[in-house]
Amino acid sequence: MEGVSVRKIKKICVFCGANSGKDVAFVNAAFHLGEVLGKRKIDLVYGGGKLGLMGCVSTAVAQHERQVLGIIPSAFTVNNLVGETCGKEIKVATMQERLVMMMELSDAFIALPGGFGTLEELFQMISWAQLSIHNKPIGVLNINGFFNGLLSFVDHAVKQEFITPRARKILISATTADELVDKLQAFRFESDPALSKLKWSPSSSQKEKLDLTLRL
């Protein structure tokens, strides 16, 4: 990355499946991502528990003696539904509160293979970046072409003029963990001039969490 200004990333939030998936490559890649984060001295924020790929990446980060923070809705902790979080755990009331806290506490975001929940989290972060609610890098680790269809769809939406070329740059992709982290560190946010003028007000709650309320 010679000649490229590097963004300082201390915490990465990883979105991924609570299942392991059909291909063992997904499990191997989740463990490897955790190892890469650990070796680069990057802490992990994730959705809590120890199921599926979530358990793989959090275990690997903890084994490299980096901090692991699981942010989990209280409903998931009943009857030990998702297993014990590997590291510190913060319980929240709702899924939305969970996602807002993830955004606030992380410097970047990575999506591994997963289902509807993973895709929801990924696109919520992309949407918030497009609206200039945050300017943090977002990437997918495209293991064995898992995200090929999604990336093709996004490019199709650009061609159909529903997503601007500027907004398309928000979503980064790579096939290896090291390459993806390098790209996240090199990312430079390019805000939409009109959307960057939007004013997002802080919450008046005691916790001072972000209330995504638009002030026109």
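Analyst: T118 lies in helix α4 (residues 116–130), helices being DSSP runs of H or I with at least four residues and strands runs of E with at least two, numbered from the N terminus. The model is predicted, so local features need pLDDT of at least 70 and side-chain atom pairs count only at pLDDT 80 or more, while totals for chains, interfaces and linings use all residues. Residues are numbered from 1 along each chain as its sequence is written, and side-chain values use heavy atoms, without hydrogens and water.

With a relative accessibility of 4%, T118 counts as buried (under 20% relative accessible area; exposed is over 50%, partly exposed in between; 1.4 Å probe, protein chains only). Beyond its neighbours within four places in sequence, T118 contacts F15, C16, G17, A111 and L112, contact meaning heavy atoms within 4.5 Å.

L112 is also among the residues that touch the most other members of the largest nonpolar core, which has 33 residues; I12, V14, L33, L37, L44 and I110 are the others. Such a core is a set of buried Ala, Val, Leu, Ile, Met, Phe, Trp, Tyr and Cys residues joined through side-chain atoms within 4.5 Å. At least two of its residues come from each of β1 (11–15), α1, β2 (43–46), α2 (52–63), β5 (108–111), β7 (171–174) and α7, and α1 gives the most, with eight.

Helix α1 packs against two other helices. Its axis and that of α2 come within 7 Å and cross at roughly 30°, the axes being lines fitted to C-alpha atoms over the stretch in contact, with angles from 0 to 180 degrees between N-to-C directions. That makes α1 roughly parallel to α2 (under 35 degrees; over 145 is roughly antiparallel, 65 to 115 roughly perpendicular, the rest oblique). In this contact, F26, V27, A30, F31, L33, G34, E35 and L37 of α1 meet L53, C56, V57, T59, A60 and V61 of α2.

Between α1 (residues 24–39) and α7 (residues 177–186) the angle is about 50° and the axes are 9 Å apart, and the two helices are therefore oblique to each other. Here H32, L33, V36 and L37 of α1 face A177, D178 and V181 of α7 in the contact.
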